[in-house]
Amino acid sequence: MTRIEEFVKEQADIHGRERSSLMPVLQAVVQSERFLSEDAMVAIATELDLSTADVYGTASFYTFLDTVPRGKNIIRVCKTITCHMKGKDAIIATLEEMLKIKLGDTTSDGKFSLLQANCLGWCHKGPVMLVNDEIFPEITPEKAVEVVREYLKKTK
Amino acid sequence: MENKIKKVDLIFEKVDHLAILDKSFKRTSDEIILDVIDSGLRGRGGAGFPTGLKWKFGKNEESDQKYVICNADEGEPGTFKDREILTNVPEKVLSGMALCGKAIGATEGYIYLRAEYNFLLPMLHEKMKEFNKQMKDRNFEFTVFVRSGSGAYVCGEETALMESMEGHRGEPRNKPPFPTQHGYLGQPTSINNVETLVFALMIANHGPKMFKELGTFDSRGSKVFSISGDTPKAGIYELELGMSLEDFVNEFGDGDTKAVQVGGASGFCVARKHFKETLIGFEGIPTGGSMMLFNSSRSMFNILHDYLEFFEEESCGQCSPCRIGCQQLLKGIEAVKKGAKSPLYLNELQKLSETMKIASKCGLGQSVGNPFNSIINNFREEIIY
């Protein structure tokens, strides 16, 4: 068994092998690997007795279930109206320059992906960004850089 | 000046949630439901279906297995009140679910939490475990589970949410059958917004009278508002329903408010000249709580463009009116702005948005016309020039 097959089996043991277990299993793989590789989706399909196309079809519907490789840390800057008004463009420009990547890309060392997200639900404290599951409200370009530096230290 | 905005404190009021449940468990399902019907409470997620009736329909279904779902897939741009409620009074949300369970005869409850709020999960899991034990200690058969979304706005639509929980793409189902008959895993399901469940609990606590004394005939009670945009007082406020938009802007505006988007991106944009006659409630403009204020420095083209980009990305793509309509509305206003299309093309786009309202399968496609037409009708020149 490969590492990912073992991981998927573990998750299926926890969440079950019903169709309704599919989302929790997909989410667990993304939580651990940051995206769903082809191998992971095949392993899930085998474990839950579904077709691989069905697993891919479900996964590709959801923004947070990435099927393309992502960095160890995923930065999502909120792009929706209030955050737009309060300056999300400056945050993105600063992070693009700092990480030397364009929006939507992943750094060559695989440590960060920089994405935009639709409304994150912090409109009164915009602009906001989500790094993995951690939320940073009322950020400025300077604060955003600080946050990314902290993550850089934590990421091997 | 008389303050016409009345602040209320029901949702965040500290109460002994277990005492309310103990009292309620001694009553019959019908008594609980009648109180909710009597209070006039309508769903606080945006659609506004009478909660008591929803519970009654759920109760009337014959089934061995029924479910309660708490819809915490709060994704409407400009709305953040459910996050605040779950953060501050999670016990009240859980208790509201148990109350609904008692009313309709369900033994399992699910919270469907949007992925953007995953940071709440550790706390919610802890509260859930504690609550499940408390229910067990009372010999009341009701267990709560937490499920996560994965970043799809359309999953806030009740049947799409159930599809997602069942492990499918979050594509809305045809209605009828409604979830009260055929919901999660095909079983009768009562799905309620976070805030609605807490109000139901507070009605069980204080009785329906205090609730229906607040608000207006069609919009009883109070509502938690998410206020953002060009305002010095952005945040969460529980206010009595039925205020005029003018009074609202006098309280929350920055003195230069040119428009208010009521009900989030899928709601209506009201221009200053209509503030006075616009009532916030089901008789006027209903809202799931989102109130976004825009001052005169804002371009209404940019605002509409943002909304359309949002809908174009979040449309599930299942039905053509919404999938193609959202794209064409977005492309259309871009073409008019650039001068590639004549300003009269906006009339064609407005007709398209009407078609989307009639022909789309779910609320997403049906409501894109709300912001589109209200912005075009009020600020046509800003879209063109």
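User: What separates the centres of domain 1 of chain B and domain 2 of chain B?

Analyst: In this predicted model, the centres of these two domains, taken over C-alpha atoms, are separated by 27 Å. The domain assignment puts domain 1 of chain B at 17-212 and domain 2 at 222-295, with domain 3 at 300-384.

User: What makes residues of domain 1 and domain 2 of chain B count as a contact, and how many residues does each domain give?

Analyst: Two residues are in contact if their C-beta atoms, placed from the backbone, lie within 7 Å. By that test, 14 residues of domain 1 of chain B and 16 residues of domain 2 of chain B take part. On the domain 1 side, the largest share is three residues, from helix H4 (residues 81-88) of chain B. That side has three nonpolar, five polar and six charged residues.

User: Which residues make the contact between H5(B) and H6(B), and of what classes are they?

Analyst: H5(B) contributes Pro90(B), Glu91(B), Leu94(B) and Ala98(B). From H6(B) come Met123(B), Leu124(B), Lys127(B), Met128(B), Phe131(B) and Met135(B). Eight of the contact residues are nonpolar, none is polar and two are charged. Glu and Lys count as charged, so Glu91(B) and Lys127(B) are the two.

User: How do you know that the radius of gyration of chain B agrees with that of a compact globule?

Analyst: For 385 residues, a compact globule would have a radius of gyration near 21 Å. Chain B has 21 Å, and therefore the two agree. Along its principal axes, the C-alpha trace of chain B spans about 70 × 55 × 35 Å. Chain B contains 15 helices and nine strands.

User: Which element gives the most to the side of chain B that touches chain A?

Analyst: The contact between the chains takes 37 residues from chain B and 29 residues from chain A. On the chain B side, helix H7 (158-165), strand S5 (222-229) and helix H11 (300-314) each give two or more residues. H11(B) gives the most, with five residues. The chain B side divides into 13 nonpolar, 15 polar and nine charged residues.

Key:
Residues numbered from 1 in each chain as written. Chains lettered and ligands numbered in written order. Predicted model: local features only at pLDDT ≥ 70, side-chain atom pairs only at ≥ 80, totals over all residues. Helix = DSSP H or I, 4+ residues; strand = E, 2+ residues; numbered from the N terminus. Rg over C-alpha atoms; globule rule 2.2 N^0.38 Å. Domains from an automatic or database assignment.
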